[in-house]
Amino acid sequence: MTLQQQPRQGGVFRKFSLLSLIEAMATPHQLDRYLELVDPMTTVRDLRAEVTAVHRSTADTVTLTLRPTHQWQGFQAGQFVQVGVVIDGVRHTRCYSPACSQYRNDGRIELTVKAHPEGRVSQYLHRHAHTGLVVSLSQADGTFHLPSPRPDRILLVSGGSGITPVLSMLRSLLDEGYSGDLTFLHYAYTENDVSYRQELADIAAEHDNVRIVLAYTEQKEGGDLHGFFGTEHLDAVAPWYADAETFLCGPPGLMRGVKTLYADLGLGERLHLEEFAPPTVEISEDVDGDVSFTDSNVVAVNSGRTLLEQAEDAGLTPAYGCRMGICFTCTSVKTSGCTKNVQTGETDSEPDKKIQLCVSVPVGDVTVEI
């Protein structure tokens, strides 16, 4: 340590000491609770973002450009963030993947949200998002991202709203000047359901090494392919797929089809995926026991569904984000009993254990702190 560094460190120490003192004086609320009354984008610790642009390119999607506060640390293409909005006085959080390049030079991020029929947050954003809206934001997370160094051949496969993380990969690779073989295969019902259709066409025209393929499952004309994913589609758009790394995100049917085919071909290790659909829970015929939600003094008969669903069925409102074991928003303490992880099949009987409600089903009597 040099003498020149010491005053700087002391200054940093005094800065945080002063901040701690101010926060202590703000009790019982955090300092950011007061600052947001003046300007929601002025924060000390909370990460937030302001909507600076709203665009609706298809009937059921909305694209938002967000300007994060100074705490934002950036992201890797393919990762997701948690976005929180207040609806009827209650904050709800959901996971969305940025669609922009990770190298976007204005520090902003772009999210395209599909309004699902049962999606409270997606419906709200689709109907009510406007410039100036401030949302809560998390740092980027997730293991779905491109490896480094980049593979010589890359196949990107998406369907529906799953286009966003792989589009981010495509945009980032182009910003890097990627020169390898690159195919982007996207599935949609019709051409009117494809977000970014014109941009994709422009990319295909400008880059000789990039092939953009649009496959329509309900439209018989136009596009490049028709019908559902299969070996014939792979052979047609990326005959080198066995030597490539494949990145996949889409609806459950597409995910199952790709995973099954790659497993049959012995290419499972070359397939990387991000799932944004709740896991399927097969309810056993011999379900028994009760689920006790101790913080709420509620006891319910075990239905065999996930603990998150059973809590909601009992009238409780535990926090959640992704409903598929990604974001850990619904983590709670299981004080006793045995649970089964519906993704891995593993059971856990350890008491006082933190579990994810959205992927845990009770096996017999279970007690949870909710």
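## Surroundings of Ile154

Leaving aside neighbours within four places in sequence, Ile154 is in contact with Leu146, Leu173, Tyr178, Asp181, Leu182, Thr183, Trp240, Ala244, Glu245 and Phe247. The model in which these contacts occur is a predicted one, and Ile154 itself is found in strand 7, which runs over residues 153-159.

With a relative accessible area of 0%, Ile154 is buried, because a residue counts as such when its relative accessible area is under 20%. Tyr241 lies 87 residues away from Ile154 along the chain, yet the C-alpha atoms of Ile154 and Tyr241 are separated by 8.0 Å.

Six strands make up an open sheet, in which they follow the order 4-3-6-1-2-5 and pair in the antiparallel sense. Strand 4 (90-96) and strand 5 (109-114) stand at the edges, and each has a single partner strand, so one side of each is left without a neighbour in the sheet. From one strand to the next, the twist averages 40°.

Within this order, strand 1 (residues 48-55) is paired with strand 6 (residues 134-137), and the antiparallel pairing between strand 1 and strand 6 extends over three bridges. Arg48 stands opposite Ser136, the latter being a residue of strand 6. In general terms, the strands of a sheet pair through backbone hydrogen bonds, and such pairing may be either parallel or antiparallel.

## Cysteines

The structure holds zero disulfides. Cys330 is accordingly in no disulfide, and the cysteine sulfur nearest to that of Cys330 belongs to Cys358, at 3.7 Å; a disulfide would need the two sulfur atoms to lie within 2.5 Å.

What is the relative accessible area of Cys330, and is this residue buried or exposed? Cys330 has a relative accessible area of 4% and is therefore buried. Cys338, at 16% relative accessibility, also counts as buried, because the cut-off for that class is under 20%.

## The chain as a whole

Across the chain there are eight helices and 18 strands. Of its 370 residues, 46% count as buried, and both Ile154 and Cys330 fall in that class.

Where contacts link residues at least 6 apart in sequence, 63% of them join residues at least 24 apart. The accessible surface of the chain comes to about 19100 Å², and 49% of this area belongs to carbon and sulfur atoms.

Definitions and conventions: Residues numbered from 1 in each chain as written. Predicted model: local features only at pLDDT ≥ 70, side-chain atom pairs only at ≥ 80, totals over all residues. Heavy atoms only, no water. Pairing = 2+ DSSP bridges. Helix = DSSP H or I, 4+ residues; strand = E, 2+ residues; numbered from the N terminus. Axes fitted to C-alpha atoms, helices over the stretch in contact; angles between N-to-C directions. Buried < 20%, exposed > 50% of the residue type's maximum accessible area, 1.4 Å probe, protein only. Contact = heavy atoms within 4.5 Å. Areas by Shrake-Rupley, 256 points an atom, 1.4 Å probe, with all protein chains shown as cover.
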